[in-house]
Protein chains: 2
Amino acid sequence: MADAAERVVAVLDERKLDVLRAIVEDYVATHEPVGSKTLVDRHNLGVSPATVRNDMAALEEEGYITQPHTSAGRIPTDAGYRLFVDKLSTVKSLSPAEKKAISSFLVGAVDLDDVVRRTVRLLAQITRQVAIVQYPTLSRSSVRHIEVVTMTPRRLLLVLITSTGRVEQRIVEAQEDVDEQLIADLRTRLNSALTGQRLTDAATSLANVTDTFAPADRNLVAAIVASLLEAFTVEGEQRIAVGGAANLTRYGDDFERNVKPVLEALEEHVILLKLLGEATSPQTLTVRIGHENPYEGLVTTSVVATGYGSKSEALATLGIVGPTHMDYPSTMGAVRAVARYVSQILADS
Amino acid sequence: MADAAERVVAVLDERKLDVLRAIVEDYVATHEPVGSKTLVDRHNLGVSPATVRNDMAALEEEGYITQPHTSAGRIPTDAGYRLFVDKLSTVKSLSPAEKKAISSFLVGAVDLDDVVRRTVRLLAQITRQVAIVQYPTLSRSSVRHIEVVTMTPRRLLLVLITSTGRVEQRIVEAQEDVDEQLIADLRTRLNSALTGQRLTDAATSLANVTDTFAPADRNLVAAIVASLLEAFTVEGEQRIAVGGAANLTRYGDDFERNVKPVLEALEEHVILLKLLGEATSPQTLTVRIGHENPYEGLVTTSVVATGYGSKSEALATLGIVGPTHMDYPSTMGAVRAVARYVSQILADS
DNA sequence: GACTGGCACTCGAAAGTCCGGAGTGCCAAG
DNA sequence: CTTGGCACTCCGGACTTTCGAGTGCCAGTC
């Protein structure tokens, strides 16, 4: 990585990088191929168009920009954006107005779900992109409370409340009518055995609980335990909230290529989880540009993501999806700011 | 209503209605204006194009069809679709394959949320439209259990479990550290006072509970009660699940007019609730065509909705949103079938 | 050697033109 | 009332033309 960067600097001098930066900024602003003339007009590069043309030729040679067709301006390639994000830009901090919007947006959230929903909305609004927020993962949280409720004589509802305020529910069907006394007993034992444990550890503790019951009741208890186990495992359910899909309409007109795949991906939460990737610390932003995405449909799309949660370890990931020709500095700033703010909110819990 | 229908029959004879039906069916299939010649070719109307032309002129006069421009075929107006839906079509029942898909789709749902999510997916899949499912409303369900959990010494989590299996959560901040004993006490009293009551009635019962506590504790109890009350009220949160947005890509190419407003509406759950309208019985389908929608952006869009829940009273509403030129008989059949099936699933609870 | 002005060339986008055909309305005859 | 005939309309597609932004290259200058 540092190696490649060195090579870049070796091959492309400072001014060529300036030119690339200018091209990216211009193209992001106008969405139109940018030519040498307009470039020197808009940015004061202090050289003539001819010189810029030479630089452009070099940049194209290196694969950072390309021409849609002969006799048209240049547009950045994915590699060009990559270089821009890595070396040529600094994350832009938010305007006071945006900061204010963030801090006022989340007040009055009634529960964790509400926090997540509001966050999605907020993120979509200030980035003007499609926002994705993963619900805090279970694995790192601990058991706060377990409730067992009889819905009908044969149907039980398990409710698991975690330290992060997340609530998981499971329905369990019994083979025969269940005894209320047994349920009360089970509720007590489960809570005393598991409360305060991390979900990962709780799984092992669960096994012991079963053994303390009379053989006659084992069947039912086993079913309940199995269901709880499922609720404990992270795989079971990685929930995700999505918002701002209407921003897709600003993608441009190549509907079939740009919009459809994104909409399809948004329905597939498994894909979204892959897109967001591993939760990083809120300090580190992950940017995936075009073909770097682990999903073929999104070659015209970039993802900006980061983790949120406590300082030391990330609880989950949030981010945005947008066209590769997005305004990276601003978007990255917004994503980072929102992640930090949500982390703070959750830390207060 | 019956009056208007009478008038229609009076003014337009049987064959003209046949022509209208043919036009609608053709236009839905091809999405292209349909002319007299193609009409007699495709449907065997037994008359000449010239005759059909006369009928078309009459239909246009009455406002059921229109010409995009002179020397083009006709397309149905909203009124035309209305007449078609009301008088000229019968709801189509599903193919065996689709029926099978429905019944297999919902097996293995782990909780109410899961049922709703799966339903949305299913509905979107078989109608190939955007599906909307409202979570069962609280008002008609009753209190199954109330749990009070201390998250931190000053932060409480209330969990309300209803008879429909829905779980509501609320976070309450206390002014000072709360006493565990008080919480336990409160938990017991709340449950004994409210369990089994309908949410609407429970609200009144709540008031009495407060009075049974020592004045010193009233502050906290009042805060909790207020939060519960909020959870009881229907207004508080009408949740909605949406799916199949990718189907919007089949809307045609007039992006700005057809797709954007729909995407925007999908983000606004308040609007969606209005679109779905009052929950009807699963027997009754509500169809809103174009301008009949209570939302200006959706003039090119129709909504097909119905209630689901027990036979006697609907719990909530589900439906689809699609272009006005949709296949109404099939769509209506699908919506009805899914609503019935979900009702059945929930009735087993 | 790097930069610049000049110049011929390319090629897409927009505008203009043309034409065929689907569709219409109207009318007179069956 | 229905129908065949007929003149008319007008959209859509194909084709052509024009315009201009942009390029690459080269020779000259600092």
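## A hairpin to start with

In chain A, β4 and β5 make a hairpin, with two residues between the strands. Helices (H or I, at least four residues) and strands (E, at least two) are DSSP runs here, numbered from the N terminus. This is a predicted model, where local features need pLDDT of at least 70 and side-chain atom pairs count only at pLDDT 80 or more, while totals for chains, interfaces and linings use all residues. Residues are numbered from 1 along each chain as its sequence is written, and chains are lettered from A and ligands numbered from 1 in the order in which they are written.

Eight bridges tie β4(A) to β5(A), residues 155-162, and the two run antiparallel. Among the facing residues, A:T152 has A:R155 as its bridge partner, and A:E147 sits opposite A:V159.

## The rest of the sheet

β5(A) also pairs with β6(A), again in the antiparallel sense, over seven bridges. A:I161 has A:V167 in β6(A) as its bridge partner. This hairpin has four residues between its strands, and A:G165 takes a positive phi near 85 degrees there.

Put together, that gives an open sheet of three strands in the order β4-β5-β6 of chain A, with antiparallel pairing; two strands count as paired if DSSP finds at least two bridges between them. The edges are β4 (143-152) and β6 (167-173) of chain A, each pairing on one side only. From one strand to the next the twist averages 20 degrees, using axes that are lines fitted to C-alpha atoms (for helices over the stretch in contact) and angles from 0 to 180 degrees between N-to-C directions.

How much of β5(A) is buried? Seven of its eight residues are, so β5(A) is largely enclosed by the rest of the structure. Buried means that 20 or more other C-beta atoms lie within 10 Å of a residue's own (exposed is 12 or fewer, partly exposed is in between), with C-beta atoms placed from the backbone.

## Nonpolar cores

The largest nonpolar core has 135 residues, and A:V130, A:I132, B:V130 and B:I132 have the most contacts inside it. Apart from it lies another core, of 48 residues, including A:V178 and B:V172. A core here is a set of buried Ala, Val, Leu, Ile, Met, Phe, Trp, Tyr and Cys residues joined through C-beta atoms within 7 Å.

Leaving aside neighbours within four places in sequence, A:V130 is in contact with residues including A:A124, A:V242, A:L266 and A:I320. Contact means C-beta atoms, placed from the backbone, within 7 Å.

## How the two chains meet

At the interface, 31 residues of chain B are in contact with 31 residues of chain A. On the chain B side, β4, β5, β6 and α12 (260-267) each supply at least two residues, and β4(B) gives the largest share, six residues. The copies meet through the same surface, because 100% of the interface residues of chain B are also interface residues in chain A.

Conventions. Two residues are in contact if their C-beta atoms, placed from the backbone, lie within 7 Å.
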